[in-house]
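The sequence and coordinates come first.

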Amino acid sequence: TKQEFGTFTCSRDKVAGVVCQDACEEGTTRLVGGTEDTEGTVEVCYFNLWGLVSVTGWNDTDASVVCYELGYSRDGAVSFVDSRYGKPNKTVHLSNVACNGSESSLKNCDAAHIPPDEGREVYMHVDVAGVSCSGIPPTSGVDPTNDMRLTKTIKDNSYLIVMSMFGVLLIMSLIVVISLVAYLLFKRSNGKRDIHSSVNAQKMTLSSLQGQQQGVVNPVALPYDGGDIPDDELEGIEKHMFDDVRR
């Protein structure tokens, strides 16, 4: 028999409910539903719940960030916008994702964040994003932006090193040229001094010879005083000396 318990009214907002949270870290990403670890539907963790990504605005650049975050190469990342790997019965967390390709994680990309309750409503009307990665590990653990900065720094340092070496070589060349000029000037000065000394010695010798021939003791010629003797005067003195010797 039917047992009556009385009548009562209850609105929808008075109904009790439970949401079980997932043990996931805020902002992390994973792939589910694929035949390989390198492919699947994209799930992201927000509000301690794994949720989905709407395909609105989803492209290969966004997919490359997911692959990099999961430890694969950015190259060869392919995006899917047709729920290719299935559509888990979960809320939608993100829509209009717009990565520039240099981010290290999907959480660093611009996107519209959807609260869990609204995400459940959106779920009925959208396809969810999928990704296929190449499976090749990244060539470097350095983010491309930092990698470009590092390359620029190396180029700048190389330029400074080359310019420094050029400056050192230029200074050394100038030192060699200055030293050579100073040496030539010194040799020229010593050469003139040697000629003057030789002329003075010959004059003294000729004076002594003349004194002996004439029986007169000539006074000793004054030593050379260090002054410059013009070239034409030097030639005249030498000619006069040789003429005296012949006589």
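Y159, L160, M163, F166, L170, L174 and I178 make up a nonpolar surface patch with about 760 Å² of accessible area together. The model is predicted: local features need pLDDT of at least 70 and side-chain atom pairs count only at pLDDT 80 or more, while totals for chains, interfaces and linings use all residues. Residues are numbered from 1 along each chain as its sequence is written, and side-chain values use heavy atoms, with hydrogens and water left out.

Patches consist of residues with over 30% relative accessible area and no salt bridge, like charges being joined within 9 Å and nonpolar side chains (Val, Leu, Ile, Met, Phe, Trp, Tyr) within 5 Å. A salt bridge is a side-chain nitrogen of Lys or Arg within 4 Å of a carboxyl oxygen of Asp or Glu. Areas are from the Shrake-Rupley method with a 1.4 Å probe, and for residues only the protein chains shown count as cover. M163 belongs to helix 3 (residues 144–214); helices (H or I, at least four residues) and strands (E, at least two) are DSSP runs numbered from the N terminus. M163 counts as partly exposed because its relative accessibility is 40% (buried is under 20%, exposed over 50%, partly exposed in between).

Beyond its neighbours within four places in sequence, V97 is in contact (heavy atoms within 4.5 Å) with residues including V53, W58, D62 and L106.

The structure holds 3 disulfides, defined as pairs of cysteine sulfur atoms within 2.5 Å.

| Disulfide | Angle about the S-S bond | Hand |
|---|---|---|
| C24 and C45 | 65° | right-handed |
| C67 and C133 | -95° | left-handed |
| C99 and C109 | 105° | right-handed |

With the bonded cysteines numbered in sequence order, the pairing is 1-2, 3-6, 4-5. C24 and C45 are both buried. C67 is in helix 1 and C133 in the loop between strand 7 (130–132) and helix 3, so this pair ties together parts 66 residues apart in sequence. C67 is buried at 0% relative accessible area, and C133 is buried at 6%.

Note on methods. Buried means under 20% relative accessible area, exposed over 50%, partly exposed in between (1.4 Å probe, protein chains only).
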